[in-house]
Amino acid sequence: MHRVVVLALEGVYPFELSIPTRIFASARSAAGEPLCEVLTCGIDGGPVRTSADFSITVDHGAELVGTADTLIIPPFGRSGPADETDWYPPPLAVVFSRLRPETRIVSICTASYALAAAGLLDGRPATTHWQEADHLQRLHPEIKVDPDVPFVDDGDVLTSAGVAAGIDLCMHIIRRDHGSEVANGVARRCVIPPWREGGQAQFIERPIPGPSAATTSATRDWALRHLHRPIPLTELAAHARMSVRTFSRRFRDEVGMPPGQWLTQQRVELARRLLETTDLPVDRIAAESGFGTAASLRQHLVATIGVPPSAYRHTFRTAEPRRSGAGPRAFGARPAEARETV
(Lines give C-alpha, C1' and ligand atoms only; values in the text may rest on other atoms or scores of the structure.)
Protein backbone atom coordinates (compact mmCIF):
# COMPACT_ATOMS: atom_id res chain seq x y z
CA MET A 1 0.00 0.00 0.00
CA HIS A 2 1.25 3.48 -0.89
CA ARG A 3 2.22 5.40 2.25
CA VAL A 4 1.51 9.14 2.33
CA VAL A 5 3.20 11.01 5.17
CA VAL A 6 2.00 14.52 6.01
CA LEU A 7 4.50 16.69 7.89
CA ALA A 8 2.96 19.10 10.40
CA LEU A 9 5.41 21.88 11.21
CA GLU A 10 5.06 24.71 13.73
CA GLY A 11 2.42 27.16 12.54
CA VAL A 12 0.81 24.66 10.15
CA TYR A 13 -2.41 25.78 8.47
CA PRO A 14 -5.17 23.44 9.73
CA PHE A 15 -7.25 23.35 6.55
CA GLU A 16 -4.35 22.50 4.27
CA LEU A 17 -3.07 19.96 6.82
CA SER A 18 -6.35 18.08 6.54
CA ILE A 19 -6.48 17.94 2.73
CA PRO A 20 -4.15 14.96 2.11
CA THR A 21 -5.86 12.76 4.68
CA ARG A 22 -9.31 13.53 3.33
CA ILE A 23 -8.33 12.94 -0.31
CA PHE A 24 -5.89 10.02 -0.16
CA ALA A 25 -7.79 8.12 2.53
CA SER A 26 -10.82 8.18 0.20
CA ALA A 27 -9.00 6.35 -2.62
CA ARG A 28 -10.44 2.86 -3.03
CA SER A 29 -9.84 -0.01 -5.43
CA ALA A 30 -12.67 -1.56 -7.46
CA ALA A 31 -13.07 -4.04 -4.61
CA GLY A 32 -13.41 -1.22 -2.10
CA GLU A 33 -10.00 -1.67 -0.52
CA PRO A 34 -7.96 1.40 0.53
CA LEU A 35 -5.12 2.26 -1.84
CA CYS A 36 -3.24 4.64 0.43
CA GLU A 37 -2.16 4.75 4.05
CA VAL A 38 -2.05 8.34 5.34
CA LEU A 39 -0.05 9.20 8.47
CA THR A 40 0.73 12.57 10.03
CA CYS A 41 3.96 13.36 11.82
CA GLY A 42 5.71 16.27 13.45
CA ILE A 43 9.32 16.99 14.20
CA ASP A 44 9.27 15.25 17.59
CA GLY A 45 5.81 13.70 17.85
CA GLY A 46 4.65 16.28 20.39
CA PRO A 47 1.93 18.95 20.18
CA VAL A 48 2.15 21.22 17.15
CA ARG A 49 0.99 24.81 17.25
CA THR A 50 -1.19 25.73 14.25
CA SER A 51 -1.72 29.08 12.56
CA ALA A 52 -5.13 29.20 14.27
CA ASP A 53 -5.92 29.53 17.98
CA PHE A 54 -5.31 25.88 18.82
CA SER A 55 -2.64 23.19 18.75
CA ILE A 56 -2.83 19.60 17.56
CA THR A 57 -1.27 16.40 18.80
CA VAL A 58 0.35 14.01 16.33
CA ASP A 59 1.20 10.41 17.05
CA HIS A 60 4.46 10.19 15.10
CA GLY A 61 7.80 11.92 14.96
CA ALA A 62 10.13 12.72 12.07
CA GLU A 63 11.36 9.13 11.84
CA LEU A 64 8.18 8.41 9.87
CA VAL A 65 9.51 10.49 6.95
CA GLY A 66 11.99 7.74 6.11
CA THR A 67 9.11 5.36 5.39
CA ALA A 68 7.17 7.69 3.08
CA ASP A 69 6.39 6.89 -0.53
CA THR A 70 4.96 10.39 -0.80
CA LEU A 71 5.81 13.22 1.61
CA ILE A 72 3.40 16.17 1.71
CA ILE A 73 4.24 19.46 3.42
CA PRO A 74 1.33 21.83 4.07
CA PRO A 75 2.00 25.56 4.53
CA PHE A 76 3.25 26.69 7.92
CA GLY A 77 4.65 29.69 9.74
CA ARG A 78 4.05 33.22 8.60
CA SER A 79 1.41 34.04 6.00
CA GLY A 80 3.67 36.33 3.98
CA PRO A 81 7.27 36.38 2.75
CA ALA A 82 9.66 35.64 5.57
CA ASP A 83 13.35 35.30 6.20
CA GLU A 84 14.90 32.21 4.61
CA THR A 85 15.65 30.66 7.99
CA ASP A 86 11.94 30.73 8.83
CA TRP A 87 11.27 28.36 5.95
CA TYR A 88 14.20 26.02 6.52
CA PRO A 89 14.95 25.72 10.25
CA PRO A 90 17.64 23.19 11.26
CA PRO A 91 15.07 20.58 12.40
CA LEU A 92 13.57 20.57 8.90
CA ALA A 93 17.00 19.96 7.38
CA VAL A 94 17.29 16.88 9.61
CA VAL A 95 13.86 15.71 8.45
CA PHE A 96 14.79 16.07 4.79
CA SER A 97 17.98 14.10 5.39
CA ARG A 98 15.79 11.10 6.28
CA LEU A 99 14.10 11.04 2.86
CA ARG A 100 14.67 8.03 0.63
CA PRO A 101 15.81 8.85 -2.93
CA GLU A 102 12.61 7.45 -4.43
CA THR A 103 10.24 9.44 -2.21
CA ARG A 104 7.90 11.82 -4.03
CA ILE A 105 7.81 15.27 -2.40
CA VAL A 106 4.76 17.54 -2.50
CA SER A 107 4.30 21.07 -1.19
CA ILE A 108 1.01 22.89 -0.74
CA CYS A 109 0.92 26.66 -1.05
CA THR A 110 3.86 28.50 0.54
CA ALA A 111 5.49 25.27 1.74
CA SER A 112 7.23 25.56 -1.65
CA TYR A 113 9.56 28.01 0.13
CA ALA A 114 10.83 25.13 2.28
CA LEU A 115 11.50 22.98 -0.78
CA ALA A 116 13.25 25.92 -2.44
CA ALA A 117 15.42 26.60 0.60
CA ALA A 118 16.44 22.94 0.65
CA GLY A 119 17.52 23.13 -3.01
CA LEU A 120 14.85 20.65 -4.09
CA LEU A 121 13.44 23.05 -6.71
CA ASP A 122 16.73 24.15 -8.30
CA GLY A 123 16.32 24.20 -12.08
CA ARG A 124 12.73 22.95 -11.83
CA PRO A 125 9.35 24.48 -12.66
CA ALA A 126 7.25 25.23 -9.58
CA THR A 127 4.42 27.35 -8.29
CA THR A 128 3.18 28.79 -5.03
CA HIS A 129 0.44 31.12 -3.86
CA TRP A 130 0.05 33.83 -6.49
CA GLN A 131 0.65 36.61 -3.94
CA GLU A 132 4.10 35.22 -3.13
CA ALA A 133 5.21 34.04 -6.59
CA ASP A 134 7.23 37.16 -7.44
CA HIS A 135 8.98 37.07 -4.08
CA LEU A 136 9.83 33.39 -4.43
CA GLN A 137 11.23 34.06 -7.91
CA ARG A 138 13.40 36.94 -6.68
CA LEU A 139 14.61 34.92 -3.71
CA HIS A 140 15.36 31.86 -5.87
CA PRO A 141 16.10 32.90 -9.46
CA GLU A 142 17.23 29.33 -10.19
CA ILE A 143 13.59 28.17 -9.99
CA LYS A 144 11.16 28.52 -12.90
CA VAL A 145 8.23 29.94 -10.94
CA ASP A 146 4.89 29.95 -12.74
CA PRO A 147 2.43 32.21 -10.87
CA ASP A 148 -0.55 31.43 -13.08
CA VAL A 149 -1.24 27.72 -12.55
CA PRO A 150 -2.85 25.86 -9.62
CA PHE A 151 -0.15 23.19 -9.51
CA VAL A 152 3.00 21.94 -11.22
CA ASP A 153 3.91 18.27 -11.60
CA ASP A 154 7.62 17.78 -12.26
CA GLY A 155 7.66 14.04 -11.70
CA ASP A 156 9.05 13.40 -8.24
CA VAL A 157 8.57 16.96 -6.96
CA LEU A 158 5.16 18.64 -7.11
CA THR A 159 4.06 22.08 -5.94
CA SER A 160 0.67 23.75 -5.65
CA ALA A 161 -0.80 27.18 -5.14
CA GLY A 162 -2.97 28.09 -2.18
CA VAL A 163 -5.87 26.39 -0.39
CA ALA A 164 -8.14 24.72 -2.99
CA ALA A 165 -5.19 24.18 -5.32
CA GLY A 166 -3.92 21.71 -2.73
CA ILE A 167 -7.07 19.69 -3.34
CA ASP A 168 -6.49 19.93 -7.10
CA LEU A 169 -2.95 18.62 -6.71
CA CYS A 170 -3.94 15.71 -4.46
CA MET A 171 -6.69 14.75 -6.92
CA HIS A 172 -4.17 14.96 -9.76
CA ILE A 173 -1.83 12.58 -7.90
CA ILE A 174 -4.69 10.11 -7.40
CA ARG A 175 -5.44 10.24 -11.14
CA ARG A 176 -1.77 9.89 -12.00
CA ASP A 177 -1.27 6.88 -9.76
CA HIS A 178 -4.59 5.06 -10.05
CA GLY A 179 -6.52 6.44 -13.02
CA SER A 180 -9.75 8.34 -13.63
CA GLU A 181 -12.17 5.84 -12.13
CA VAL A 182 -10.49 5.91 -8.73
CA ALA A 183 -10.17 9.71 -8.86
CA ASN A 184 -13.83 10.08 -9.80
CA GLY A 185 -14.75 7.87 -6.86
CA VAL A 186 -12.75 10.10 -4.52
CA ALA A 187 -14.45 13.16 -5.98
CA ARG A 188 -17.89 11.67 -5.36
CA ARG A 189 -17.05 10.73 -1.76
CA CYS A 190 -15.57 14.15 -1.01
CA VAL A 191 -18.14 16.07 -3.10
CA ILE A 192 -15.52 17.96 -5.08
CA PRO A 193 -14.81 18.41 -8.80
CA PRO A 194 -12.90 15.38 -10.15
CA TRP A 195 -10.19 17.45 -11.81
CA ARG A 196 -8.87 20.89 -12.71
CA GLU A 197 -6.20 21.00 -15.36
CA GLY A 198 -2.79 22.26 -14.20
CA GLY A 199 -2.70 24.77 -17.05
CA GLN A 200 -5.86 26.49 -15.83
CA ALA A 201 -5.44 29.91 -14.32
CA GLN A 202 -4.66 29.95 -10.58
CA PHE A 203 -6.68 33.03 -9.76
CA ILE A 204 -9.91 33.79 -11.62
CA GLU A 205 -12.53 36.42 -10.84
CA ARG A 206 -15.86 34.55 -10.89
CA PRO A 207 -18.85 36.75 -10.10
CA ILE A 208 -21.69 34.95 -8.35
CA PRO A 209 -24.85 35.12 -10.49
CA GLY A 210 -27.77 36.97 -8.97
CA PRO A 211 -30.75 34.93 -7.77
CA SER A 212 -32.70 35.65 -10.95
CA ALA A 213 -29.77 35.35 -13.38
CA ALA A 214 -29.65 32.50 -15.86
CA THR A 215 -26.62 30.20 -15.60
CA THR A 216 -24.89 27.83 -18.00
CA SER A 217 -24.91 24.82 -15.66
CA ALA A 218 -27.83 23.03 -17.36
CA THR A 219 -26.19 23.52 -20.74
CA ARG A 220 -22.91 22.12 -19.44
CA ASP A 221 -24.74 19.04 -18.18
CA TRP A 222 -26.42 18.69 -21.56
CA ALA A 223 -23.10 19.06 -23.41
CA LEU A 224 -21.53 16.27 -21.33
CA ARG A 225 -24.23 13.92 -22.65
CA HIS A 226 -23.46 14.87 -26.25
CA LEU A 227 -19.66 14.85 -26.36
CA HIS A 228 -19.74 12.21 -29.13
CA ARG A 229 -20.70 14.81 -31.74
CA PRO A 230 -19.65 18.34 -32.70
CA ILE A 231 -21.28 21.00 -30.54
CA PRO A 232 -21.05 24.45 -32.10
CA LEU A 233 -21.02 27.50 -29.89
CA THR A 234 -24.29 28.61 -31.48
CA GLU A 235 -25.97 25.38 -30.35
CA LEU A 236 -24.70 25.79 -26.80
CA ALA A 237 -26.03 29.35 -26.68
CA ALA A 238 -29.37 28.29 -28.15
CA HIS A 239 -29.74 25.53 -25.54
CA ALA A 240 -29.10 28.10 -22.80
CA ARG A 241 -31.56 30.52 -24.48
CA MET A 242 -28.91 33.23 -24.68
CA SER A 243 -27.16 35.11 -27.43
CA VAL A 244 -23.73 33.79 -28.33
CA ARG A 245 -22.10 36.87 -26.84
CA THR A 246 -24.01 36.65 -23.55
CA PHE A 247 -23.48 32.90 -23.28
CA SER A 248 -19.73 33.16 -23.90
CA ARG A 249 -19.34 35.89 -21.30
CA ARG A 250 -21.44 34.10 -18.69
CA PHE A 251 -19.74 30.76 -19.35
CA ARG A 252 -16.30 32.27 -18.81
CA ASP A 253 -17.49 34.00 -15.63
CA GLU A 254 -18.82 30.72 -14.21
CA VAL A 255 -16.22 28.23 -15.42
CA GLY A 256 -13.09 30.36 -15.83
CA MET A 257 -12.42 29.45 -19.47
CA PRO A 258 -14.09 29.72 -22.91
CA PRO A 259 -16.68 27.09 -23.92
CA GLY A 260 -14.40 25.60 -26.57
CA GLN A 261 -11.55 25.01 -24.13
CA TRP A 262 -13.92 23.47 -21.60
CA LEU A 263 -15.36 21.10 -24.21
CA THR A 264 -11.87 19.97 -25.18
CA GLN A 265 -11.02 19.24 -21.53
CA GLN A 266 -14.19 17.20 -21.09
CA ARG A 267 -13.49 15.22 -24.26
CA VAL A 268 -9.95 14.48 -23.17
CA GLU A 269 -11.27 13.36 -19.77
CA LEU A 270 -13.81 11.04 -21.42
CA ALA A 271 -11.15 9.60 -23.74
CA ARG A 272 -8.81 8.95 -20.81
CA ARG A 273 -11.55 7.16 -18.90
CA LEU A 274 -12.40 4.99 -21.91
CA LEU A 275 -8.73 4.16 -22.50
CA GLU A 276 -8.35 3.11 -18.86
CA THR A 277 -11.52 1.11 -18.44
CA THR A 278 -12.49 -0.38 -21.83
CA ASP A 279 -10.99 -2.40 -24.68
CA LEU A 280 -12.56 -0.19 -27.34
CA PRO A 281 -10.26 0.50 -30.31
CA VAL A 282 -8.75 3.98 -30.44
CA ASP A 283 -10.85 4.91 -33.48
CA ARG A 284 -14.02 4.13 -31.54
CA ILE A 285 -12.83 6.07 -28.49
CA ALA A 286 -12.05 9.04 -30.73
CA ALA A 287 -15.61 8.90 -32.05
CA GLU A 288 -17.20 8.43 -28.61
CA SER A 289 -15.30 11.39 -27.17
CA GLY A 290 -16.04 13.70 -30.08
CA PHE A 291 -12.58 13.94 -31.62
CA GLY A 292 -13.73 12.18 -34.77
CA THR A 293 -10.47 10.51 -35.78
CA ALA A 294 -7.66 8.70 -34.02
CA ALA A 295 -5.24 11.32 -35.34
CA SER A 296 -7.23 14.12 -33.71
CA LEU A 297 -7.46 12.21 -30.43
CA ARG A 298 -3.73 11.58 -30.49
CA GLN A 299 -3.02 15.27 -31.13
CA HIS A 300 -5.15 16.45 -28.23
CA LEU A 301 -3.95 13.77 -25.80
CA VAL A 302 -0.30 14.50 -26.54
CA ALA A 303 -0.92 18.24 -26.17
CA THR A 304 -2.68 17.73 -22.83
CA ILE A 305 -0.76 14.97 -21.04
CA GLY A 306 2.28 14.39 -23.25
CA VAL A 307 1.65 10.83 -24.47
CA PRO A 308 -0.38 9.16 -27.27
CA PRO A 309 -3.45 6.97 -26.57
CA SER A 310 -1.59 3.67 -26.93
CA ALA A 311 1.06 4.61 -24.37
CA TYR A 312 -1.54 5.95 -21.97
CA ARG A 313 -3.61 2.77 -22.16
CA HIS A 314 -0.51 0.58 -21.81
CA THR A 315 0.47 2.36 -18.59
CA PHE A 316 -2.86 1.79 -16.88
CA ARG A 317 -3.35 -1.74 -18.19
CA THR A 318 0.08 -3.19 -17.40
CA ALA A 319 1.49 -1.29 -14.43
CA GLU A 320 0.64 -1.93 -10.80
CA PRO A 321 -0.20 1.22 -8.86
CA ARG A 322 3.09 2.98 -8.20
CA ARG A 323 4.45 2.78 -4.67
CA SER A 324 7.00 5.53 -5.15
CA GLY A 325 6.44 8.93 -6.62
CA ALA A 326 9.34 8.78 -9.03
CA GLY A 327 8.21 8.62 -12.60
CA PRO A 328 7.71 10.50 -15.82
CA ARG A 329 6.01 13.83 -15.88
CA ALA A 330 4.02 12.69 -18.91
CA PHE A 331 0.78 12.03 -17.04
CA GLY A 332 1.02 15.13 -14.89
CA ALA A 333 -0.61 18.48 -15.53
CA ARG A 334 2.00 20.79 -16.92
CA PRO A 335 2.06 24.58 -16.79
CA ALA A 336 0.84 25.56 -20.22
CA GLU A 337 -1.01 28.40 -21.86
CA ALA A 338 -4.73 27.85 -22.16
CA ARG A 339 -5.70 26.19 -25.43
CA GLU A 340 -8.71 27.45 -27.36
CA THR A 341 -9.16 24.47 -29.69
CA VAL A 342 -12.49 22.63 -29.67
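Predicted model: local features only at pLDDT ≥ 70, side-chain atom pairs only at ≥ 80, totals over all residues.

Residues are numbered from 1 along each chain as its sequence is written, and side-chain values use heavy atoms, with hydrogens and water left out.

**Whole chain**

- The protein chain has 14 helices and 10 strands, where helices (H or I, at least four residues) and strands (E, at least two) are DSSP runs numbered from the N terminus.
- Of the 342 residues in the protein chain, 51% are buried; buried means under 20% relative accessible area, exposed means over 50%, and partly exposed lies in between (1.4 Å probe, protein chains only).
- Among contacts between residues at least 6 apart in sequence, 67% join residues at least 24 apart, a contact being heavy atoms within 4.5 Å.

**Packing around helix H8**

- Two packed helices are described by the angle between their axes and the distance between the axes; here axes are lines fitted to C-alpha atoms, for helices over the stretch in contact, and angles run from 0 to 180 degrees between N-to-C directions.
- Helix H8 (residues 217–224) packs against helix H11 (residues 259–277) at an angle of about 40°, the axes being 11 Å apart, and the two are therefore oblique to each other; angles under 35 degrees count as roughly parallel, over 145 as roughly antiparallel, 65 to 115 as roughly perpendicular and the rest as oblique.
- The H8 and H11 crossing is right-handed, a term for a near helix turned clockwise from the far one by less than a right angle, with left-handed used for anticlockwise.
- On the H8 side this contact involves Arg220, Ala223 and Leu224, and on the H11 side Trp262, Leu263 and Gln266.
- By class, the residues of the H8 and H11 contact are four nonpolar, one polar and one charged, where Ala, Val, Leu, Ile, Met, Phe, Trp, Tyr, Cys and Pro count as nonpolar, Asp, Glu, Lys and Arg as charged, and the others, Gly among them, as polar.
- With helix H10 (residues 244–255), the axis of H8 comes within 11 Å and crosses at roughly 90°, so that H8 and H10 are roughly perpendicular to each other.
- Ser217, Thr219 and Arg220 of H8 meet Phe247, Phe251, Glu254 and Val255 of H10, a set that divides into three nonpolar, two polar and two charged residues.

**Buried polar side chains**

- Arg176 belongs to helix H6 (residues 164–178) and is buried, its relative accessible area being 3%.
- The side chains of Arg176 and Asp153 are joined by a polar contact of 2.8 Å; such a contact is a pair of N or O atoms within 3.5 Å, of which, within protein, one must be able to donate a hydrogen and the other to accept it, and residues adjacent in sequence count only if both atoms are side-chain atoms.
- Ser26, in the loop between helix H1 (14–24) and strand E2 (36–41), is buried at a relative accessible area of 6%.
- The side chain of Ser26 reaches the backbone oxygen of Arg22 at 2.7 Å, and, leaving aside neighbours within four places in sequence, Ser26 is in contact with Val186, Arg189 and Cys190.

- Val163, which is not a glycine, has a positive phi of about 50°; Val163 lies in the loop between strand E10 (157–160) and H6 and is partly exposed, with a relative accessible area of 40%.
- Val191 has a positive phi near 55° in a residue other than glycine; Val191 is in the loop between helix H7 (180–190) and H8 and counts as exposed at 72% relative accessibility.
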